[in-house]
Amino acid sequence: MITEQRSKYLSETVKSIKPSGIRRFFDLASSMENVISLGVGEPDFVTPWNVIEASYHSLELGYTAYTANAGLPELRKEISRYMRRRFGVSYRAEDEMIVTVGASQAIDIALRAILNPGEEVIVVEPSFVSYAPTVTLAGGVPVPVHTYSQDEFKLQPEHIESAVTERTKAILLCSPNNPTGTVLSKNDLVKIAEVVEKYDLLVISDEIYAELTYDEPYTSFSSIESMRDRTILISGFSKAFAMTGWRLGFACGPKEILQAMLKIHQYTMMCAPTMAQHAALEALVNGQKDVIKMKESYRQRRSLVTHALEEMGLSCHIPGGAFYVFPSIEKTGLSSEEFAEQLLMQEKVAVVPGSVFGESGEGHVRCSYATSIQKLEEAMRRIDRFLKTL
Ligand code: PMP
């Protein structure tokens, strides 16, 4: 069968989605030698040993079957304690929480649980590349609301207001943000909450980088007055606990919404991987000291990278969280794709063009500093050399 004939079997929705723009750069970079990658969005640390051991141990004990659909009850209880202790939000382990296959699955089932065909979700851009396609796959319509470097990429409430229609169901918020590293303060969140209340919206609050804030204590959107009932809080173990490959996340929220999400989860996933759930339990009980150590290391690297970029004249705000910097490359006169491609070809440093994160990401590139100090220093030297050739 020729390709066009085969493609008639595909869903129109799937056909409408473009492959991730990050992929192309990874493919190119992985075919080259001696590349320093500032492209990947994951910790360079290996999961702490006690966490790995807890999962071995669970296998030795023969815990190889499915768990409860919503996740191991003892893990949910521990997540409940952890969220109260760390972020001051209270969720019942019994019916206000689901353990998921990464934060990614939690976002997917949250959207599928709330959206009717054609309903709109405001996606704050530049954003994590999965949001808009996941909204589309759930039958919804992603509506971008842009943030800008002059506001340090903070969402402006009046921009939400101008995007709201009678079909708007929810806003997808992410603080600390991927790719900009921007953290919304309590005051910023209060102003957003007023608009959420005014237009009767829900918020899917992706708080996966909540542990990784460097300058101010973290405020969860759900802790803002009257927002708990409107928030589906998404988090997980990938980033702060260096557990991307374990595929473990969770969602917390009002019972009715979480139970609707559980319906989708039980038919499509059954449960998150059992051995990863045992590992996550150990991470919560004994892992906080490792989180602090890793965070301190990211803080040092943030300082190295932001100073080096500033010296080169690539201006960037100091990102308050996550492990990304998002400098402006406008002064080079190159598009973000051209910049990333030429930098990779000439100096073998991989960064991600800002345009893949949405229109307002153009003019910037995302550099992840979740890599060793030595590699970061060398990458900065190479970027400096590259800029001097322009
Ligand atoms: N949300 C954001 C903002 C992310 O950056 C990522 C990972 N890059 C995820 C969610 C997905 O996390 P997980 O590995 O838990 O699926």
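1. Contact order. Among contacts in the chain between residues at least 6 apart in sequence, 75% link residues that are at least 24 apart. The model is a predicted one. Of the 390 residues in the chain, 48% are buried.

2. Overall build. The chain has 14 helices and 12 strands. Its radius of gyration is 21 Å, close to the 21 Å given by the globule rule for 390 residues, so the chain is as compact as a globular protein of that length. The C-alpha trace spans about 60 × 60 × 50 Å along its principal axes.

3. Domain division. Two domains are assigned: domain 1 covers 3-47 + 289-388, and domain 2 covers 49-287. Taken over C-alpha atoms, the centres of domain 1 and domain 2 are separated by 24 Å.

4. Contact between the domains. On the domain 1 side, 36 residues are in contact with 38 residues of domain 2. The elements giving two or more residues to the domain 1 side of this contact are α2 (12-16), α12 (288-311) and β9 (324-325). Helix α12 supplies the largest share of that side, seven residues. By class, the residues of domain 1 that touch domain 2 comprise 16 nonpolar, 13 polar and seven charged.

5. Database annotation. UniProt, in an unreviewed entry, places the feature "domain: Aminotransferase class I/classII large" at residues 34-383. In the model, the end C-alpha atoms of residues 34-383 lie 15 Å apart. The span is 40% helix and 14% strand.

6. Which residues come nearest to the ligand? Of the 13 residues around the ligand, these are Gly102, Ala103, Ser104, Gly236 and Ser238. Helix α6 (residues 102-114) gives the most to the shell, with three residues. The shell around the ligand has eight polar, four nonpolar and one charged residues.

7. Cis peptide at Pro126. Glu125 and Pro126 are joined by a cis peptide bond, with omega about 0 degrees. Pro126 is found in the loop between β3 (120-125) and α7 (131-137).

8. Cis peptide at Pro179. The bond from Asn178 to Pro179 is also cis, and omega there is near 20 degrees. The loop that holds Pro179 runs between β5 (168-174) and α9 (186-198).

9. Positive phi at Ala242. Although Ala242 is not a glycine, its phi is positive, at about 55 degrees. The residue lies in the loop between β7 (231-236) and β8 (249-252). Is Ala242 buried or exposed? Ala242 counts as buried because it has 23 C-beta neighbours inside 10 Å, where 20 or more are required.

10. Positive phi at Ala322. Ala322 is a residue other than glycine with a positive phi, near 60 degrees. Ala322 lies in the loop between α12 and β9, and both of these elements are listed among those that give two or more residues to the domain 1 side facing domain 2. With 29 C-beta neighbours inside 10 Å, Ala322 therefore counts as buried.

11. Points to check by eye. On domain arrangement, the item to view is helix α12, with its seven residues on the side of domain 1 that touches domain 2.

Conventions:
Residues numbered from 1 in each chain as written. Predicted model: local features only at pLDDT ≥ 70, side-chain atom pairs only at ≥ 80, totals over all residues. Near = placed C-beta within 6 Å. Helix = DSSP H or I, 4+ residues; strand = E, 2+ residues; numbered from the N terminus. Nonpolar A, V, L, I, M, F, W, Y, C, P; charged D, E, K, R; others polar. Rg over C-alpha atoms; globule rule 2.2 N^0.38 Å. Buried ≥ 20, exposed ≤ 12 C-beta atoms within 10 Å, placed from the backbone. Contact = placed C-beta atoms within 7 Å. Domains from an automatic or database assignment. UniProt positions renumbered as here; feature names shortened; annotations may be inferred.
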